[in-house]
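Visitor: I would like to go through this chain by question and answer. Please show it first.

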Amino acid sequence: MKKIRAFLTNNHETLLFTAAFACLLLALFKPEIQLKQEVHNYLLLADVSQSMNAEDERWNNQPVSRLAYTRQLMKNIVQTSACGTYFSVGVFASDNVALLITPLEVCANLDVITDSIDHLEWRMAWKGNSRLSFSIRAAANTFDSLNVPAHLLFFTDGDEAPRVNVTIKQDLSGIQIGKNFTFVGVGGNTKVGVPRFNSANERVGYWPVSDNNNAGAVGVTYSDPSQDEPDPPVAFAEYDRFLSQLEEEYLISLAGEFKGTYIKGQDNNAFYAFVQKQKPAASFVTAYSMRWAYLLLAALLILATFIPNVLYKLRGSARLRFK
């Protein structure tokens, strides 16, 4: 023991500097460790049916479409989320859901996630009709394909075309994703016309009433010709326009059928706080940066080389006092 103590006393500086150098090497070549931890995992789902082109929201005091407003809300959620949060992005049209990106960590993939959101538009829709009640089952299947739990934020105006009547109404009581499902309502409470675009994404007028299937139509596959025709039919007069608004009561009722939740999408602290306070939905093995810890330990080891000198001076001062 005496030999070991003598060795440590005589070589303490060399040992401390060697340990500090090893920490610096770890900070340079092995800055991360893998840890399994509970994380927030969100699936952002955008309704891309054409009613989402209605311009009854405002951003920076300028009128914007519901879909543009949705994109801004999504990006703010992403940009205000802490590192270690995961996001998927998908779209809804007709009676189905399609994933664009699977879970990505926000800090390492911020550009990819925000770019995917920036490119959300009505031309992504594969059919013109919109049946939200059918989409719930599609969303449940999408959850299964993710292989990890997530909290789904479904941005929509709740405007179905055609309306689903009692003969084809879905029984949603057996859906198990309610606790992880939130409808985010987008749009105003006053009916407005829905702009119509041609296949080149040029605005050509407003949707006419005649081109939207009657409410409650059964068994009709609604094909949207504006995706193929350069000059689709539009409303000739204001009274001939198809009118749309945020269907809050319908969304609240629909969410209640499978124990989901509803919130109005708004650019305010209350909305973002609601999103961020959701419980962590998944467990991921994530890379946790240890660079700061290695660098701090290296600094402490270097400072420790001065401890013997400090103690020696303190002892010398104490002796002088007692003389």
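Visitor: Which residue with a positive phi follows α4?
Guide: This is a predicted model. Helix α4 covers residues 132–146. Past its end, phi is positive, near 70°, at N147.

Visitor: What span should the 15 residues of helix α4 have, and how far apart are its end C-alpha atoms?
Guide: The expected span is 1.5 Å times one less than the number of residues. For the 15 residues of α4 that gives 21 Å, so the distance between the end C-alpha atoms agrees, at 21 Å.

Visitor: What covers the buried residues of α4?
Guide: The buried residues of α4 include L132, I136, A139, F143 and L146. Their cover includes one helix, α5 (248–257), and the strands β2 (41–47), β5 (86–93), β6 (96–105), β7 (151–156) and β8 (181–185).

Visitor: Which helix gives the most to the nonpolar surface patch?
Guide: The patch is formed by F17, W292, L296, L297, L300, I302, L303 and F306, with about 810 Å² of accessible area together.

Visitor: Is F306 buried, partly exposed or exposed?
Guide: F306 lies in the loop between α7 and α8 (307–322). Buried means under 20% relative accessible area and exposed means over 50%. The value for F306 is 49%, so F306 counts as partly exposed.

Visitor: What share of the 323 residues counts as buried?
Guide: The chain has eight helices and 14 strands. Its accessible surface comes to about 17600 Å², with 56% belonging to carbon and sulfur atoms. Of the 323 residues, the share that counts as buried is 46%.

Note on methods
Residues are numbered from 1 along each chain as its sequence is written. This is a predicted model: local features need pLDDT of at least 70, side-chain atom pairs count only at pLDDT 80 or more; totals for chains, interfaces and linings use all residues. Side-chain values use heavy atoms; hydrogens and water are left out. Patches are made of residues with over 30% relative accessible area and no salt bridge: like charges are joined within 9 Å, nonpolar side chains (Val, Leu, Ile, Met, Phe, Trp, Tyr) within 5 Å. Accessible areas come from the Shrake-Rupley method with a 1.4 Å probe; for residues, only the protein chains shown count as cover. A salt bridge is a side-chain nitrogen of Lys or Arg within 4 Å of a carboxyl oxygen of Asp or Glu. Helices (H or I, at least four residues) and strands (E, at least two) are DSSP runs, numbered from the N terminus. Buried means under 20% relative accessible area, exposed over 50%, partly exposed in between (1.4 Å probe, protein chains only). Contact means heavy atoms within 4.5 Å.
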